[in-house]
Structures are given as C-alpha cells and as structure tokens.
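Hello,

Please look through it first, and then read the notes below.

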Amino acid sequence: MTETSIPQTAQHPVRDRMLWPAIGVVCLATIALALGPDWASLPARIVLFLAGVALAAQLLKGRSRQFFNGPMAYAATGSLVLLVILALFANEISPQNPYDLRQLDIMDGRLPPGATNFDGSFTYHLGTDEQGRDILSGILYGLRVSLSVAIVATLIAMAIGVVVGIYAAWAGGRIESILMRLVDLQLSFPSILVALMLMAAFGRGLDKVVIALIIVQWAYYARTVRGTALSETRKEYIDAARGLGLPVRKIIFRHLLPNCIPPLLVISTVQIANTIVLESSLSFLGVGVPVTQPSLGLLIANGYDYMLSGQYWMSMYPGVALLAIVASINLVGDRLRDTLNPRLRK
Amino acid sequence: MLVYLLRRIAQSIFVALAMMVIVFFGIYMIGNPIDILISPDATPREIEETMARFGFDQPIYIQFFTFVGNALQGDLGRSFVHGESAVTLILHYMPATLELAALGLIFSVLIGVPLGVYAGYKADKWQGRAIMTGSIFGFSLPNFWVGMLLILIFAVELRWLPSTGRGDTVDVFGIRLSIFSENGLQYMILPALTLALYKASLVTRLARAGTQEALVQDYVKFARAKGVSETRILFVHVLKNIMIPIVTVLGLELGSMIAFAVVTETVFAWPGMGKLLIDSILTLDRPVIVAYLMMTVLIFIVINLVVDIFYTLLDPRVRVTGGTS
C-alpha cells in the first residue's frame, strides 16, 4: 500500500463495509452474554460465534498465508478457537452445572482426578473441589466468566478511548493538553494498583470488575488513538475531504475513524489477554468477581489452600486453562501484529 | 530551568492533593466502619461515643478537612483492627516489601541480561527466537500463577525451599531484614523469583535490542580484529554499553515492583505492606487502606518527579516540550 495513492478508505471499501457490522454484532452479543441477567440463549451464542469467525475471516482475507507462518500460529489459533467454543457453550458441554447446588454432593468433596461418585454414575475427570464441584465444569464456566468480563471491558474501554483520543486530536489546544495530561497521569500508575484502589472502593461484583477494568484501560487506548489520529489528519485524504467541503462529522466518522481502527484491533487482542490476567489477579486476591460466579482466578484461589497438602488439582487445572487462554491470545495477537501492522505492510 | 523545576513541583503537589480527594471519597464509600468497631450488642450510647471518638458524627466535608489537616502532619489515622497508627503500621511492614523488591530487581538483571545478550547474539537463530517467545510468556503469565507453580515444584514436590512466610530476620539499624540471614534468604528466593519474572522479560528484550545495535559498532569490530574472544566481547565490551538504558528502565520500574508485590506477597504469605493492604481491604480497615494508597501514590509522584528532573538535566530538549506528569 503506498502512501501517496488515493484515499485509503477507498482501497478496501468492501472490507470496511463488512467489518463494521461484524464488530457491532460481536460487541452487542458479548455484552448481552456477559451482563444479561441470565446467560444468552443458544441461538444468540451461535450467532455470536459465527459473527466472530466472519470478522476474523474478513480481517485475514488475502493475508492468511502471512498469518499462518508456522506450526505455532496454527496451534495458537486452534487452541484459541477451541477455548472460545468451550467458553461459549459451557452450559451445553460441561457435565455438571457448578452453580446448581442440587447437583453437588458434599460427600464428593476433594476427590482426586478420575474418581467417581458413590454409585459410579459420574466420573470427575479433573477431580472435585471442597464442595464437591466438578473441576472440569468449574473451569468451563470460569473460562466464560473470565473471557466475557475481559472482552466487554476491553470493548467499552476501546470505545471510550477512541472517542477521547479522536476528540483530543481533532480539538487540539487546551482541551487536548488537559485530556492528555489526565491520560499521562493515569498511565504513570501501574494498572494493578489502580484496579486494586477501585475494587477497594467498589467491593466485589461482576459489573464492578468490568467498570474497574474499563477505567484502568481507557487511557491506554486514548493515547494510542490520539497518536494515530494526529498522524492521519496530516495525510492528504483528510485534506482532500476538507477541500471537498464535507461536514466535520462525515470526515471524522467516514474517513478518519476507519483508518484509526486497524492498529487498535491489534492492540486490543493482546489487551484482552492482559485484562484476563488482571481480572484473575484481582479475583485471586479476593477483590474481584463474586463467589457465586467464579472466574479462573477465583477457582485457583479457592483451591490454593489445599495445594500445600498435595491436593494440587483444584488450583492446577484452572491454572492450566488460564495459561492456555492467555498464551494463545498473546501468540495470535503477536501474529496479528505482524500481519496487520500498517507500518510493516508493504 | 528554575521556573520549569518550580512548575513541575507545583504540578506534583497538585496531583498529590487530587489523589488525596479521590482516595478519601473513594474509600469513604466502603462499608460502615461502625459495624467492625462496635460489637452488635453495644448500647446506643456506646455507639454514639465511639462515633464521636472517631469523628464519624461530623459531616463528610468536615471529616475530609480533618483528614487533610492530619495527613499534612503525617497522621493518616489509626487502624481499626490493629489499634496502631496506620503510618507506623505501614512503615513497620515496608522493609519486608522493599527487600523483596530489591532482590527481585537483582534476580531480573541476573536472569534477563545474559538471556538478552545471548538472544541478541543469536538473533536470527532458533536460540534467539526461542528466548524471545519465552519472554512473551514472561510478560503474559499471571504473577500469582508463576508463584503457585514455583511453590508446587520447589516446595511441595522437591522440598528444596520453604513455601510461605518469612524466615529468620536480622536487625540492621533497628530494621528487621531477612536478606542477611541464610534461613531468611531461603524464604525470599521463591517470592523474589516470582516478582522478577516480568521484569526479567523486559530486561531480556532491552538487552537483546541493545546487543543487536552494539554488535555492528566499530569498537566491536576493533575488538574482534584484536583477537578478543567472543565471550569477552559480549560480556565485557557490549555489556558495559548496554547497561545504562537497562539500569534507567529498572529504576523507573521499582515503583511498579512495589505494586506487583501485592499479588506476590499474598501468594507467599509474605508479611509486607502489600499483604497488609489486601488484609485491610478484606477486613474493611479503612485508615490502613487510605494510608497505603496515599503513601504509594506519594512514592510514585516522587519517582516520576525525580526521573523528570534528571531527564531535564541530562537532555535539554525535554525542557522545550515540557515533561509528562
């Protein structure tokens, strides 16, 4: 892609038109999935999954050879897709509903992996925790909580960051310097400290974790978007749009914004992994998600007390799941950065 | 220069005051301290007396001004749980955190620099790439997860090192430190390693980038022409030149080490100020939470201020654009 050619938005008009609705669908469906009073219905989750796949396919269209450059890329993508499917369809896949107390038997507490319940009708493949919950089911449900909290928080933080960043870049002057001072100020404190501070004030809760994670992240996006927007506004296509006498609203939404999004998508992939880590740390410390909806971090914390006595499975397997999701998102994000980075793309 | 300095200090004071407001009103929302302070079967008169003693019967803005006034005199309240002054309490726990962070920094240099230099030397070979992939894991692995794994391997399975707690301590100028006793050091190894992993990945990346740049310099060519061995070139000539940026970044990261210590200390039941914070959050011990946050924020503001001033002294270009807060 050459810099001097015609406006960049004109180069992939179809891609842009397909990309936006897909992002919108994924956004809304994820929010519904994560914050709805009950978990979204099966068709809704299937639609969400297909929309996600369509979005990914659209992004990688014509670049799949570049993306899948080795066995590591295949392995990471495969495990990420698998884990997302497991999280989305946890209700249907998991052998037990770990939130339903009627399905639990306290007599089955702390059984090692592979043990069966008293009449042999149910096998706990990964063992049970102290309340007789099947660890495997707990992991699937925990994976869903971890993933949806991270995705929702990242999406909302990204939206806020985009608005603030573009506004700052467009407005300039005093508004810009005040907003960016605020961003700098927040970014000078480590995210775990800010998140802890917020959770100390809010108390535990799914919605509160999401809010804390949004507040922690927005500044990061605002800074990135402002940087991109500043360099984009100096390009010729914006001058051309101005020269045509287009209204500001149209220049921002139709020309500037679409060109600020690709670098953001790359960052947000890795950022989702960071958010999962941050959320699991908060939950591990006991200030994150509520006990009734354990994420992977809380599952690890629950089993932690028993680990020193050799009952490793309660913490170990949720830990492996956490490692798998974080590592595969990071590796996929790394590939995406190499594939989509406009600076490296020739 | 003086104007810049004064403006920068004024800015820091403003930030400190703003954080004071945020922290006070934020923490004010947590629970009702009366529930913790008074037993449920207390008479209404006792409740009233306690409320008056702690000043809870005053309107919130009066409480805030009392808080600011006391804070400026170095008094951030009295712990509900320990009955001690919150600042004294935190100062009592602080050395444990600081020595852990210090050992963590040492570990991160000892691990990160050799790996990074080697990765830079073998940048296009599989060794270099493997180290870089490994550093992605170092960045992305949750701190508590690493700690858990280390405990499982070295404490539960192999039984080489103690799992949790703090061992023997030695009094150094009246401060209890465990870094100078053999037993205490054993207790420190696992938590310090956990704390070091993230920074070690950072150091690896910095050292690799620095080494790659340094290897094409004339002094390396000259050393090679002189017949100096590759090992000596890497770990004497190159190392000297790449250490400056590494030390700078690590200095900057000392603050975040203290913040990350919250997680590590909880995993290893290390009696530092991070563990104190978590325990205080769980028991709703408001004065200690406020004191911890205020002191940490102050540490960060001071670090940022000092770094900015140093940069200004070293690099006059910064002065023109103005530093970041």
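Chain B has 13 helices and two strands, and please keep in mind that everything here comes from a predicted model. Taken along the principal axes, the C-alpha atoms of chain B fill a box of roughly 90 × 60 × 35 Å. Of the 325 residues in chain B, 36% are buried. If you consider the contacts in chain B between residues at least 6 apart in sequence, you will find that 69% of them join residues at least 24 apart.

One pair of helices in chain B deserves a careful look, namely helix α5 (residues 86-121) of chain B and helix α8 (residues 182-215) of chain B, whose axes come within 5 Å and cross at roughly 35°. The crossing of α5(B) and α8(B) is right-handed, and the residues in the contact of α5(B) with α8(B) divide by class into 23 nonpolar, eight polar and three charged.

In chain A there is another pair to examine. Helix α11 (residues 248-284) of chain A packs against helix α13 (residues 313-340) of chain A at an angle of about 165°, and their axes are 9 Å apart. Because angles over 145 degrees count as roughly antiparallel, α11(A) and α13(A) are described as roughly antiparallel to each other. The crossing of α11(A) and α13(A) is left-handed. On the α11(A) side, the residues that meet α13(A) include Pro262(A), Val266(A), Ile272(A) and Ser280(A), while among those they meet in α13(A) are Leu322(A), Ile325(A), Asn330(A) and Arg337(A). By class, the contact of α11(A) with α13(A) has 14 nonpolar, four polar and one charged residues.

Finally, there is the contact between the two chains, which takes 35 residues from chain A and 33 residues from chain B. On the side of chain A that touches chain B, the elements that give two or more residues are α7 (173-187), α8 (191-202), α11, α12 (296-307) and α13 of chain A. Which of these elements gives the largest share of that side? It is α13(A), with eight residues, and α13(A) is also the helix that packs with α11(A) in the pair described above. Sorted by class, the side of chain A that touches chain B has 23 nonpolar, nine polar and three charged residues.

Best wishes

Key: Residues numbered from 1 in each chain as written. Chains lettered and ligands numbered in written order. Predicted model: local features only at pLDDT ≥ 70, side-chain atom pairs only at ≥ 80, totals over all residues. Axes fitted to C-alpha atoms, helices over the stretch in contact; angles between N-to-C directions. Helix = DSSP H or I, 4+ residues; strand = E, 2+ residues; numbered from the N terminus. Parallel < 35°, antiparallel > 145°, perpendicular 65-115°, else oblique. Left-handed = near helix turned anticlockwise from the far one by under 90°. Contact = placed C-beta atoms within 7 Å. Nonpolar A, V, L, I, M, F, W, Y, C, P; charged D, E, K, R; others polar. Buried ≥ 20, exposed ≤ 12 C-beta atoms within 10 Å, placed from the backbone.
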